Amino acid sequence: MKRLLVLAVLVVTILAACGGSGFDGAILGAWEGISTVDGTASLTTWEFFEDGTMIITPLTPLGEATPFTGTYAFEDDDTITLHSDDDEDEPGRRDIQMPDEDTLILTAPVSGAQAVLKRVEE
């Protein structure tokens, strides 16, 4: 029984040490899914790059629409701030959830806009 307890403590300690600092590396790459804003859902592709740039592309029945380009920065371990390349837009915030390594949920804390995305295989 004592060995089992020691083993459990050891596993928890190792997992905590490997936990990293949030989602900074986990969100890198391309994601596709449904984005809902003001009750309207649309298919979108989100891409996050290691240099802090991003591209959000709405997908329509006729193909891709004009992409939103900009940068993102981590505000804390599970919140990012999105900055548009157009200096007109206010920065947006998104809370991050990842129920598994291939699912990314981004939620705007103020408006409630949400994107439920799946990792795109490269």
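The secondary structure of the protein chain in this predicted model amounts to one helix and nine strands, where helices (H or I, at least four residues) and strands (E, at least two) are DSSP runs, numbered from the N terminus. Read from the N terminus on, the order is α-β-β-β-β-β-β-β-β-β. Residue numbers start from 1 along each chain as its sequence is written, and side-chain values use heavy atoms, with hydrogens and water left out. Local features need pLDDT of at least 70 and side-chain atom pairs count only at pLDDT 80 or more, while totals for chains, interfaces and linings use all residues.

As for burial, 28% of the 122 residues of the protein chain count as buried; the labels are buried under 20% relative accessible area, exposed over 50% and partly exposed in between (1.4 Å probe, protein chains only). The protein chain exposes about 8200 Å², and carbon and sulfur atoms supply 58% of that area. Those areas come from the Shrake-Rupley method with a 1.4 Å probe, and for residues only the protein chains shown count as cover. Turning to contacts (heavy atoms within 4.5 Å), 28% of those between residues at least 6 apart in sequence join residues at least 24 apart.

Now for strand pairing, which requires DSSP to find at least two bridges between two strands. Strand β5 (residues 68–76) pairs with β3 (residues 53–60) in the antiparallel sense over four bridges, and Phe-68 in β5 is the bridge partner of Ile-56. On to β6 (residues 79–84): six bridges join this strand to β5, and the two run antiparallel.

The rings come next. Phe, Tyr and Trp rings (for Trp, the six-membered one) pair if their centres lie within 6.5 Å; planes under 30 degrees apart are stacked, over 60 edge-to-face, and the rest tilted. The count by this rule is three aromatic pairs. One of them is Phe-48 with Tyr-72, an edge-to-face pair at 5.1 Å centre to centre with 85° between the planes. Phe-48 sits in strand β2 (residues 40–48) and Tyr-72 in β5, so this pair ties together parts that are 24 residues apart in sequence. Both partners are tucked away: Phe-48 is buried at a relative accessible area of 2%, and Tyr-72 is buried at 9%. Ring pairs also link Trp-46, Phe-48, Tyr-72 and Phe-74 into a cluster.

Not counting residues up to four places away in sequence, Leu-106 touches a list of residues including Trp-46, Phe-48, Ile-96 and Leu-117.

Ser-35, in strand β1 (residues 29–37), is buried with a relative accessible area of 9%. Its side chain makes polar contacts with the side chains of Thr-44 (2.7 Å) and Trp-46 (3.4 Å). Such a contact is a pair of N or O atoms within 3.5 Å; within protein, one must be able to donate a hydrogen and the other to accept it, and residues adjacent in sequence count only if both atoms are side-chain atoms.
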